[in-house]
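Please open the structure in a viewer and keep the selection panel at hand. The stops below are meant to be followed in order.

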Amino acid sequence: MKKILLTYWTTDGHARSISERIAARLESKGAAVDAVCLRDEQRSPAGYDAVMVGASIRYGFHHPEVQRYVNRYARELGSIPNAFFSINLSARKPAKNTPETNPYCRKFLHKIQWKPDLATVFPGKVDFPKYRFFDRIMMHMIMSISGGPHGKDTVVDFTDWEAVDDFADRFAESCSLGKD
Ligand SMILES: Cc1cc2nc3c(=O)[nH]c(=O)nc-3n(C[C@H](O)[C@H](O)[C@H](O)COP(=O)(O)O)c2cc1C
């Protein structure tokens, strides 16, 4: 059975939901998946057969711990099948929904030492009732400037869950899952 590490950064939980969906998909193909939040542990990919890293954007950046992790383990990440996904709201726009056209993902991939085999960008979720005061004000501004929904009770999940499943399937293929 292939052992897969899926490690992610989340603030409001959406990256966790996406990670859980991917983990379930990989497990349905026979893998054993450890989903680990980077906030709890910076787990080494050593000893795993494949690894995926995911992170959401906040105020223009992936959390610094994500960059620290991928640089620290760049060699281990690159020595097994590997993949990266970024989550942000800018990716809800078709012109910004690939690793090459999404400014956050492009800049991140350019500055880190790891070059993922597979990379993608998922549009995230707006969840105003969940935000604390300052974040609510800022998100109201960001979303109104960028033409997105910004009412105080607004909850919109922009994630294309079929695209999440497709990415999990591409990753499974890249690590020959189900071919043992
Ligand atoms: C305070 C705050 C700041 C954000 N900043 C950005 C941003 O600069 N650019 C962007 O595209 N999305 C931004 N987002 C959207 C998040 O990336 C999106 O909501 C994502 O689904 C959050 O994932 P998480 O729940 O795993 O933290 C921001 C969200 C919040 C709450």
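**The ligand and its surroundings**

Select K125 first: one of its polar backbone atoms is 2.6 Å from an oxygen atom of the ligand. With the ligand in place, the protein covers 96% of the 640 Å² of accessible area that the ligand has on its own (Shrake-Rupley method, 1.4 Å probe). This is a predicted model, in which local features need pLDDT of at least 70 and side-chain atom pairs count only at pLDDT 80 or more, while totals for chains, interfaces and linings use all residues. Residues are numbered from 1 along each chain as its sequence is written, and side-chain values use heavy atoms, without hydrogens or water.

Next, select H14, where a polar backbone atom is 2.8 Å from a ligand oxygen atom. G60 likewise places a polar backbone atom 2.8 Å from an oxygen atom of the ligand. Then display the 21 residues that surround the ligand, the closest being T10, H14, A15, I57 and K125 (a heavy atom within 4 Å).

**The two domains**

Colour domain 1 (3–124 + 159–174) and domain 2 (125–158) separately; the bounds come from an automatic or database domain assignment. Twelve residues from domain 1 and 16 residues from domain 2 make the contact (heavy atoms within 4.5 Å).

Which residue forms a salt bridge with R58? Select D135: its closest O atom and the closest N atom of R58 are 2.7 Å apart. A salt bridge here is a side-chain nitrogen of Lys or Arg within 4 Å of a carboxyl oxygen of Asp or Glu. Between domain 1 and domain 2 the count is one salt bridge.

Notes. A polar contact is a pair of N or O atoms within 3.5 Å; within protein, one must be able to donate a hydrogen and the other to accept it, and residues adjacent in sequence count only if both atoms are side-chain atoms.
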